[in-house]
Amino acid sequence: MNQHPTTDQITTLIQEGEFFKLKESLKSFEPSELVALIEAEEEREQLIIFRLLPLRLATQVFEYLELEVQKHFLANLTQEKIADILNEMSPDDRTALLEFLPDDFVKELIQTLSEAERKVTLELLGYPEYSVGRLMTPDYIAIRENWTVQQVLDYIRRHGGQSETLSMLYVTDSRGVLIDDIRIREFLLAPLDKPVSEIMDRRFVSLRAMQDQEEAIEVFRRNDRVALPVVNDEGFLFGIVTIDDILDIREEEDTEDIQKLGGSQALDEPYLSIPLLSMIRKRAGWLVILLIGEMFTATAMGFFEEEISKAIVLALFIPLIISAGGNAGSQATSLIIRAMSLGELTLDEWWRVLRRELATGLMLGAILGVVGLVRILLWSRLYPGEYGEHYWLIGFTVGFSLVGIVLWGSLCGSMLPLLLKRLGADPATSSAPFVATLVDVTGLVIYFSFALLFLKGTLL
């Protein structure tokens with residue numbers, strides 16, 4: 001078997017103008033290999049390689065290219081080449097591309113489609129941006145219940161090449177209403193003269209065209225399917241959604257949640273591609289809000305200025321106290337948001353979450369409290385006079401403060417996402433930095449309250 005030419009060899013063929021040899025060499029590549037090859041080249045070489053690909057292979061490659069490379073090709077290829085590729089692309093991939101392009105450019109590209117493909121694309125674009133309708137493709141196999149297994153297999157041979165997947169076949173009535181879905185293996189194992197009606201169980205899982213894409217992710221997860229049918233409110237079969245599109249959406253949702261947890265708006269573009277001013281705008285808002293929140297920390301410290309001036313030693317443990325609470329809150333927030341996104345808990349289970357975090361916060365706080373107390377006692381023995389003669393009381397102040405602030409941080413971090421979800425907001429906006437800032441302010445109050453309890457009459 002001949003080995004593929006290397007990237008350097010491809011570049012050399014381009015520089016020497018050996019386009020016939022290059023064209024023949026490219027035919028031996030798999031689409032995924034060509035994607036990696038193209039994205040590793042400079043823009044000029046990318047266009048040359050792509051123009052030399054046969055239409056079907058070019059279309060397969062185009063569907064997997066990064067969006068920026070796709071835009072570059074659309075801006076530099078001929079109108080005829082663009083029309084051929086768009087007509088050849090699967091409807092769902094074509095719609096995903098058109099969503100990212102300017103409206104005037106989209107209108108121009110749609111005019112290049114064939115009448116049938118234009119109709120399909122316009123129908124897909126007519127659904128709300130984050131609806132299942134934007135993901136579906138009309139390329140599927142629909143059969144009738146009065147057919148035999150032999151008729152089904154013959155139909156697949158004639159029309160299966162255009163289907164997005166053959167793992168599942170969909171049974172519709174004479175009006176086009178979905179009445180069942182059947183795995184292909186059932187037909188491969190059944191006698192050829194057996195009617196479809198005898199294979200059916202009339203139980204199926206479907207999505208609605210106007211359903212939110214996040215809900216579709218959960219349906220796929222629960223039912224372990226590689227494709228699901230999409231129906232309207234009357235049950236008419238409109239298309240199917242395949243697992244590859246769902247995985248893309250899941251990746252986007254997870255990326256968005258992670259970015260929000262970090263205290264930023266979702267970027268909506270790759271990190272290195274987003275314009276600098278857009279990056280600043282998406283990050284500055286939360287930073288300003290968090291800065292204002294931290295100003296309340298200074299206000300709280302000012303409120304306890306007299307206590308700090310009497311016992312300077314208390315100021316030494318402020319970073320330790322507030323960071324422990326913020327860390328506990330951030331942990332709880334991350335765990336709750338992830339659990340909600342996986343469907344592990346619902347809003348109605350808030351009381352169970354509250355009880356669990358109450359117990360967890362107390363135990364974690366006790367662990368940290370003991371560590372803090374031991375640290376102070378150990379330092380007092382190693383460095384006599386470090387914390388004065390009342391080091392036991394200081395140790396109890398820090399220890400009990402850690403119990404209180406960790407408990408409070410756990411409760412805030414777990415309840416805030418649930419509260420935002422109840423109010424219809426995105427739980428991810430209760431980001432870890434926001435929770436940390438909230439706990440910082442209240443942590444100081446808890447700390448100095450215990451200080452007054454244990455040290456009043458001695459240092460205070």
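The model is predicted, so local features need pLDDT of at least 70 and side-chain atom pairs count only at pLDDT 80 or more, while totals for chains, interfaces and linings use all residues. Residues are numbered from 1 along each chain as its sequence is written, and side-chain values use heavy atoms, with hydrogens and water left out.

I start with Asp180. Asp180 sits in strand β3, residues 178-183; strands are DSSP runs of E, at least two residues, and helices are runs of H or I, at least four, both numbered from the N terminus. Is Asp180 buried or exposed? Asp180 is buried, where buried means under 20% relative accessible area, exposed over 50% and partly exposed in between, with a 1.4 Å probe and protein chains only.

Beyond four places in sequence, residues touched by Asp180 include Leu169, Val171, Met200 and Phe204, with contact meaning heavy atoms within 4.5 Å.

Next, the cores. A nonpolar core is a set of buried Ala, Val, Leu, Ile, Met, Phe, Trp, Tyr and Cys residues joined through side-chain atoms within 4.5 Å. The largest one has 36 residues, and Leu26, Phe50, Phe62 and Phe73 have the most contacts inside it. Apart from it lies another core of 25 residues, among them Val313, Leu420, Ala451 and Leu455.

Val61 belongs to helix α5, residues 55-64, and is buried at a relative accessible area of 0%. Its contacts beyond four places in sequence are Pro31, Leu34, Val35, Ile38 and Leu53.

Last, the record. An unreviewed UniProt entry lists "transmembrane region" for several spans, including 316-337 and 391-420; its positions are in the numbering used here, feature names are shortened, and annotations may be inferred rather than shown by experiment. In the model, residues 316-337 are 91% helix and 0% strand, with end C-alpha atoms 34 Å apart. Residues 391-420 are 100% helix and 0% strand, with 43 Å between the end C-alpha atoms.

Technical notes: Lys and Arg count as positive and Asp and Glu as negative; His and the chain ends are not counted. A salt bridge is a side-chain nitrogen of Lys or Arg within 4 Å of a carboxyl oxygen of Asp or Glu.
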